[in-house]
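Here are my notes on the model you sent over. Have it open while you read, and go through the points in order.

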Amino acid sequence: WDSGAIDAVALDGQFIRIDHNEIFTTTAEGKKELARYGIYCDFGGGTDVYTGRYIVDHNVVYNISGPLLINHIKQMNIYNNVLLSSISDHPGIANFNGGTGEEDTIRNNIMSTGPNVICCSFGILRDAVIENNIDNAQGAVANALFTDTLNHIYTLKASALDAIDRGVDFAPFNDQIFGTAVDLGAYEFGTTVWTSGNTALLNPRFLPNGGNFYDDVTFEILKD
């Protein structure tokens, strides 16, 4: 309860990047109950305890009540995500615990419902920079944007003209650009579709094994 699949509490992220993740739930309570989150940055660090400095980009979060929660945290850079709440009126990006979104930037995202610019006395995103987003990706709107909403394939259709080439540059964190500008959402139309998980080449790292060492080790992290 009150946690997230990716969860950071009271930390200055120092511009760490949270990117290219697919997060969803298959549990009934995760879809229906509040205080269940995909990505959760809860307050920051630094001398004022509100400095966040996270880069959150190219994530796909769906089938969960709260896709992204940023509680009273500054310098959040949120670009090119798909954030679809399982609750129709719950914001794709929320702040429910103090602050007004000052120094936060929210661009190029596709959300089922927009950020809580107007919400409650104890936390809103009124002062965040919120530009170039789609904030009504539900029902017919979502079906017009995405390849297959029923099977949670959130690549863009060729006819999704409200999203293709409608984004703003976020170099050096853009994915490969196809067309005249960055697209909205997590997947650039016309390019190879990324998959979650990680494959990395460690070189010249060494892994000990009974006194032996190995060069050029490849490891892969896969979701179930």
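1. Start with Lys74 and Asp48, whose side chains form a salt bridge at 2.8 Å, N to O. Lys74 sits in strand 8 (residues 74–79) and Asp48 in the loop between strand 4 (36–42) and strand 5, so this pair ties together parts that are 26 residues apart in sequence. Bear in mind that this is a predicted model.

2. Is Lys74 buried or exposed? Lys74 is buried, since its relative accessible area of 15% is under the 20% cut-off. Asp48, at 26% relative accessibility, counts as partly exposed.

3. Lys74 also forms a salt bridge with Glu103, with the closest N and O atoms 3.8 Å apart. That pair again links distant parts of the chain: Glu103 is in the loop between strand 10 (93–94) and strand 11 (105–107), 29 residues from Lys74 in strand 8. Glu103 is partly exposed, with 46% relative accessibility.

4. Next, have a look at Asp12 and Arg53, a salt bridge whose closest N and O atoms are 2.6 Å apart. Asp12 belongs to the loop between strand 1 (3–9) and strand 2 (16–19), while Arg53 is in strand 5 (residues 51–57), so the pair ties together parts 41 residues apart in sequence. Asp12 is partly exposed at 23% relative accessible area, and Arg53 is partly exposed at 23% too. Elsewhere, Arg17, Asp19 and Asp57 are linked in a network of salt bridges. The whole structure has seven salt bridges.

5. On to strand 6 (residues 60–64): four of its five residues are buried, so the strand is largely enclosed by the rest of the structure. Strand 6 pairs in the parallel sense with strand 3 (residues 22–24) over three bridges, and Tyr62 is the bridge partner of Phe24. Strand 6 also runs parallel to strand 9 (residues 82–85), again joined by three bridges, with Ile64 opposite Ser85.

6. What does Thr149 touch, leaving aside residues up to four places away in sequence? The contacts are Ala142, Asn143 and Tyr154. With Asn143 there is a side-chain to side-chain polar contact at 2.6 Å. Thr149 lies in the loop between strand 14 (146–148) and strand 15 (153–156) and is partly exposed, with a relative accessible area of 23%.

7. For the overall picture, the protein has two helices and 17 strands, and buried residues make up 46% of its 224 residues. Of the contacts between residues at least 6 apart in sequence, 60% join residues at least 24 apart.

Definitions and conventions: Residues numbered from 1 in each chain as written. Predicted model: local features only at pLDDT ≥ 70, side-chain atom pairs only at ≥ 80, totals over all residues. Heavy atoms only, no water. Buried < 20%, exposed > 50% of the residue type's maximum accessible area, 1.4 Å probe, protein only. Contact = heavy atoms within 4.5 Å. Polar contact = N/O pair within 3.5 Å; in protein donor to acceptor, adjacent residues only side chain to side chain. Pairing = 2+ DSSP bridges. Salt bridge = Lys/Arg side-chain N within 4 Å of Asp/Glu carboxyl O.
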